[in-house]
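Here are a few friendly notes to read alongside the structure. Take them one at a time, and find each residue in the viewer as you go.

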Amino acid sequence: ARLAEVDREISQLAAQHAGRVFVLANALDNRMARHEAGSRFGYTDYATIISGWIPADEFQQFQLSLINSFPGVIIQEDLSPANEHDIPVALRKSGWARPYKVFLDMFGTPQYGTMDPVPVISIFFPIFFGIIVGDVGYGLIVLAAVIWGYSGFPGVKALGKVSKSPGMLGALRIVRDGAIASIIFGFLFGEVFGLEAGVGVLSWIPHHVDILGLFYWPFSRIHNDIMLLNITVAIGVLMVTLGFIHGVTLAIRHHNTKELMAKLGLFAAMIGMGTAGAALMNIVGGELLYVGLGIVFIIGIRVA
C-alpha cells in the first residue's frame, strides 16, 4: 500500500513538473555543449577560428554552404602533409554492403590510406555461411524466417515494433544472404535437412542428373570428408595469403619499412610452420620438417 501511495505521488509530481524539468534539462545540455564547443575553437573578440576535416570531394559544396550562410567567412584549405594516424576516415557504403559494417565495428575503423574491408566481408561472409550450413532445407527455413521478419514479425508484437529499424533490416539482410548461399551450396552438396540425395527418404532424388547437357552430381560431404577438409584449408591459405599480399602492398605504398619487414617475417614464419606441420602429417617429405623449423627458428631469433 505504501509503495502504491509513493507511485501516485511520483505520478502527480511528473504531471506537474515533468515538462518544465525536461525543457530545463535540454537547455542546460545545449548550454554545456556550447561551452565545450567553444573550448575546442580559437576565438577572440573579433574572430573565431574553426578547424576540422572533411572529405576532399565534399569540400567545394561545404565551402559554398558556409559562404551562403555566413557572408564574409574566410575558408582556407590546409595543404600541408599530415600524419596518416591523425587523419579520420569517412567510409562510404554501397547499398548492398552497408549492413555488413556491423562486423567492422567490432574491430574499429581502418587506418587512412588502407582498404575498406566491408565490401569484401559482404562477399565472403555469405559464401562461408553457405559452405558451413550447405543444406537446402535449413536454408529455406532461414529464408522463411527472413520473409517473416520483412513482414513485421506478425504474431510477435515485441519484434514487430523494431522490424523496420535500420539495425533489424540490416540483420535480416545479412541472414537473407546467408540463407540464399546455404540453399545454393545445399544443392551442390545434395543435402536436404541433413540427408543426402539418393539416401533414405530422399531416394527419389537421383545422384546425378543430365538435362540439356548440364551434368549435375552432388558433392557428398559425408563421403569426401578429407577432400572437403583439404578444400577448407586451401581456402583459408588463399585468404591469409591475399591478406599478407595486401598488407605488403600497403606497406610499400606508404614507405613503411618496419611494417613491411613485419609482414614478410610473419608470412615466412607461417610458411615455416605450415611446412613443418605438413611434414609431420606426411603430406610432404619428412626432410622438409627441418626446413620449416629452420625458418621459424630464424624468424624467432630475428624478432628476439
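1. Let's start with helix α4, residues 118-133, in this predicted model.

2. Now look at which parts of α4 are hidden. Val118, Ser122, Pro126, Gly130 and Ile131 are buried. The cover over the buried residues of α4 includes α3 (101-105), α7 (166-189) and α8 (225-253). Just after α4, Gly134 has a positive phi of about 50°.

3. Next, the surface. Trp96, Ile123, Ile127, Phe128 and Ile132 make a nonpolar surface patch of about 480 Å². Phe128 belongs to helix α4, and Phe128 counts as partly exposed because its relative accessible area is 31%, between the 20% and 50% cut-offs.

4. How many salt bridges does the structure hold? There are 3. One of them joins Glu5 to Arg2, with the closest N and O atoms 3.4 Å apart. Both residues lie in helix α1 (residues 2-39), 3 residues apart, about one turn of the helix. Arg2 is exposed at 53% relative accessible area, while Glu5 is partly exposed at 33%.

5. Finally, visit helix α7, where Arg173 and Asp177 lie 4 residues apart. Their side chains form a salt bridge (3.2 Å, N to O), and both residues are buried. Asp177 also meets Arg176 in a salt bridge (3.2 Å, N to O). These shared partners link Arg173, Arg176 and Asp177 into one network.

Definitions and conventions. Residues numbered from 1 in each chain as written. Predicted model: local features only at pLDDT ≥ 70, side-chain atom pairs only at ≥ 80, totals over all residues. Heavy atoms only, no water. Helix = DSSP H or I, 4+ residues; strand = E, 2+ residues; numbered from the N terminus. Expected span 1.5 Å × (residues − 1). Buried < 20%, exposed > 50% of the residue type's maximum accessible area, 1.4 Å probe, protein only. Contact = heavy atoms within 4.5 Å. Patch = residues over 30% accessible without salt bridge, like charges linked within 9 Å, V, L, I, M, F, W, Y side chains within 5 Å. Areas by Shrake-Rupley, 256 points an atom, 1.4 Å probe, with all protein chains shown as cover. Salt bridge = Lys/Arg side-chain N within 4 Å of Asp/Glu carboxyl O.
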